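The following note sets out some points for discussion on the model displayed below.

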Amino acid sequence: MLATLLLFFAPVSINADTDEGAVKRIALVISGRKVQRDEKTIRVTQGESVELVWQSDETAELHLHGYDISFEVSPEAPAIVTFQAHATGRFPITSHGFGGQKGHGHEALIYIEVYPR
Ligand SMILES: [Cu+2]
């Protein structure tokens, strides 16, 4: 199924015909350096606006690969990350360091799969 996905990077285009405006909001909780969620893949549809709301018991710098979005989570306040799912494919979110340490975690915390519309 995944092999049928086309991975490509297209410029964000504004299409007047599509019903933009709907936001897919997903709440994620990190504790013990893991995302507390049974399903390790978040599935969205191309063109959707995605809002990830992160709570974490520890400070960490996270990185959404492919879209190349880096952001910080911390116990102080929820971190909100918003992006338009323009590129299809499977994209890992990895840690670039927990607790202020720098370093690239090799294990994905979670994946985002963007399906063609
Ligand atoms: Cu990374």
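With which side chain does the side chain of Glu113 make a polar contact at 2.6 Å?

1. The partner is Arg90: its side chain and that of Glu113 form a polar contact of 2.6 Å. The model is a predicted one, and this distance is therefore to be read as a computed value from a prediction. The side chain of Glu113 makes a further polar contact, with the side chain of Tyr115, at 2.5 Å.

2. Glu113 belongs to strand β9. Is Glu113 buried or exposed? Its relative accessible area is 2%, and because the cut-off for burial is under 20%, Glu113 is classed as buried.

3. The largest nonpolar core comprises 27 residues. Those touching the most other members are Leu52, Trp54, Leu62, Ile93 and Ile112. At least two core residues come from each of β1 (23-31), β3 (41-45), β4 (49-56), β5 (60-64), β6 (69-73), β7 (79-84), β8 (89-98) and β9 (108-115). The largest share is that of β9, with 4 residues.

4. Which residues does Leu52 touch, when those up to four places away in sequence are not counted? They are Ile26, Leu28, Ile42, Ala79, Ile80, Val81, Phe83, Ile93 and Ile112. Two of these, Ile93 and Ile112, are also named among the core residues that touch the most other members.

5. Phe83 is located in strand β7. With a relative accessibility of 7%, Phe83 falls under the 20% limit and therefore counts as buried. Phe83 and Leu52 are 31 residues apart along the chain, and their C-alpha atoms are 8.7 Å apart. Apart from neighbours within four places in sequence, the contacts of Phe83 are Glu48, Ser49, Val50, Leu52, Leu64, Tyr67, Ile69 and Ile112.

6. Turning to the whole protein, the secondary structure consists of 9 strands and 0 helices. Read from the N terminus, the order of elements is β-β-β-β-β-β-β-β-β. Of contacts between residues at least 6 apart in sequence, 67% connect residues at least 24 apart.

7. What percentage of the 117 residues is buried? Buried residues account for 38%.

Notes: Residues numbered from 1 in each chain as written. Predicted model: local features only at pLDDT ≥ 70, side-chain atom pairs only at ≥ 80, totals over all residues. Heavy atoms only, no water. Core = buried A, V, L, I, M, F, W, Y, C linked by side-chain atoms within 4.5 Å. Buried < 20%, exposed > 50% of the residue type's maximum accessible area, 1.4 Å probe, protein only. Contact = heavy atoms within 4.5 Å. Polar contact = N/O pair within 3.5 Å; in protein donor to acceptor, adjacent residues only side chain to side chain.
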